[in-house]
Amino acid sequence: MRAVDLIHKKRDGGELNSEEIAFLINGYSKGDIPDYQMSALAMSIFFKGMTSAETAALTLAMAGSGDQVDLSPINGIKVDKHSTGGVGDKTTLIIGPLVASVGIPVAKMSGRGLGHTGGTIDKMESIAGFHTELSREDFIKQVNDIHLSVIGQSGNLAPADKKLYALRDVTSTVDSIPLIASSVMSKKIAAGADAIVLDVKTGSGAFMKTVEHAEKLASAMVSIGSEVGRQTAAVISDMDQPLGYSIGNAIEVLECVDTLRGQGPEDLTELSLALAAHMVVLGGKASSFDEAMTLLRKQLDNGEALAKFREFIVAQGGDDSFVDDASKLPTAPYTVEVLSTESGFVQAIEAEELGLSAMLLGAGRATKEAVIDYAVGITLRKKVGDAVNVGESLVTLHVREQNENTAAVAERVKRAYTFNQEKPSERPLLLSVVTVDGITRYSE
Ligand code: URA
């Protein structure tokens, strides 16, 4: 087999079989196939697409290129969740305890943040004593004992995807649906879950700018899941503004506690419950979405979800006293209000700009080596649709120092807001659900 012949076949719209795809991925991983040939292949895929059988074969080849986590010693159906990334997206810390509280094992590997999006592991490390480096045995034992553990992602999960993703980044081949779908699913499959719930974002702050595109991506991922025997469902949600009100680390943890108490922001609560309900259905603890929602709302109301959160923090060495006393988490020495110079209704908030602003305050990493300040971040005081008068606060910055950087960030945040004299029509947060049975729009 020769790479050039396979590139030619794909370039002309042919279908590659699983042996051919495995040959390309294995060869690329080992360095036998050079970047220039893989770039040509990625561009051919970009233009000609892939069938669902090809996409599944690509996913399995990439999933098999590194460590494959064996979760079989954990009892029950292991359901994983993945978000395509968002600003203020802290749903893992809510969904994990919520789903675990009804007896579904959640064995989660999460990442650290880079750039404008935060990482679950960083947020959790703002809790004193909490650690995410567990041995495989301790991880499995904890999930069997309390149904929940969250650890850092193994460095060798789907390395072929890592290499290909870096190449796509510099060859303008990132936004290809089969390539994105196989990239996401290869990591989920290597992480060992039996079933997967995907949170696919759409809107200005997301990869997929329209709901139709997001549905196409979700359908491709659901179809990979069914081809490789992992039940998969996807929820499409709007990412036209940050989720919830807080962006940072410790302040996001506190917003999760509020949500687990049943007192969280409406959008964050709604999305967390919807994703968790799909996990509960796939995990076999409810026979319909509505039944799962009723069960989960009860877990928020009766305190079981919050109790599970505390149990999980303590099991991983953390001090859970911050649940009763917020001052036990890192707190920034200063707060700065960013005041509006306009009146009207908030029309839009550029989520990515706010994510970058939080990073510039020290809440995220500009480079992999950067050290995070857990205390700093941004609290939104106004969200889309809210009325604002000149001089009212748009956001509160939680800062380490008051200097030129703070002033520059304040200006940047102000520019991320746009106003209109008319109240914008309400945009629903949850747009559609994609399963093997097809697409259901919430509005229909
Ligand atoms: N996230 C991924 O993991 N892969 C992609 O290709 C795009 C987003």
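Author: With the word contact, which means heavy atoms within 4.5 Å. Keep in mind that this is a predicted model.

Reader: Which elements do the buried residues of helix 7 pack against?

Author: By that contact cut-off, the buried residues of helix 7 pack against helix 5 (92-100), strand 2 (106-110), strand 3 (148-152) and helix 14 (304-315). The residues of helix 7 (136-146) that are buried are Phe139, Ile140, Gln142, Val143 and Ile146.

Reader: Why do the buried residues of helix 7 line one face of the helix?

Author: Viewed along the axis of helix 7, they fall within an arc of 160 degrees, so they line one face. Directly after helix 7 comes His147, with a positive phi of about 70 degrees.

Reader: How many residues has the largest nonpolar core?

Author: A core of this kind is a set of buried nonpolar residues joined through side-chain atoms within 4.5 Å. Here the largest has 52 residues, and Leu296, Phe309, Phe312 and Phe322 have the most contacts inside it. Helix 12 (residues 266-282) gives the most to this core, with ten residues. Another core, of 37 residues, lies apart from it and includes Leu134, Ile140, Leu157 and Ala218.

Reader: Which residues does Phe312 touch, not counting residues up to four places away in sequence?

Author: Phe312 touches Leu93, Met124, Phe130, Gln142, Ile146, Leu148, Ser149 and Val150. Of these, Gln142 and Ile146 are among the buried residues of helix 7.

Reader: Is Val184 buried or exposed?

Author: Buried means under 20% relative accessible area. Val184 has 11%, so the residue is buried. Val184 belongs to helix 9 and touches His82, Leu198 and Met221, residues up to four places away in sequence not being counted.

Reader: Where does Ala193 lie?

Author: Ala193 is in the loop between helix 9 (177-190) and strand 4 (195-202). Its relative accessible area of 4% makes Ala193 buried. Neighbours within four places in sequence aside, Ala193 is in contact with Leu71, Lys78, Asp80, Lys188 and Arg230. Ala193 and Lys81 are 112 residues apart in sequence, and their C-alpha atoms are 9.2 Å apart in space.

Reader: Which residues make the nonpolar surface patch of about 290 Å²?

Author: Met43, Phe46 and Phe47 make that patch. Phe46 lies in helix 3 (residues 35-48) and is partly exposed, with a relative accessible area of 30%.

Technical notes: Residues numbered from 1 in each chain as written. Predicted model: local features only at pLDDT ≥ 70, side-chain atom pairs only at ≥ 80, totals over all residues. Heavy atoms only, no water. Buried < 20%, exposed > 50% of the residue type's maximum accessible area, 1.4 Å probe, protein only. Helix = DSSP H or I, 4+ residues; strand = E, 2+ residues; numbered from the N terminus. Arc of directions from axis to C-beta. Patch = residues over 30% accessible without salt bridge, like charges linked within 9 Å, V, L, I, M, F, W, Y side chains within 5 Å. Areas by Shrake-Rupley, 256 points an atom, 1.4 Å probe, with all protein chains shown as cover. Salt bridge = Lys/Arg side-chain N within 4 Å of Asp/Glu carboxyl O.
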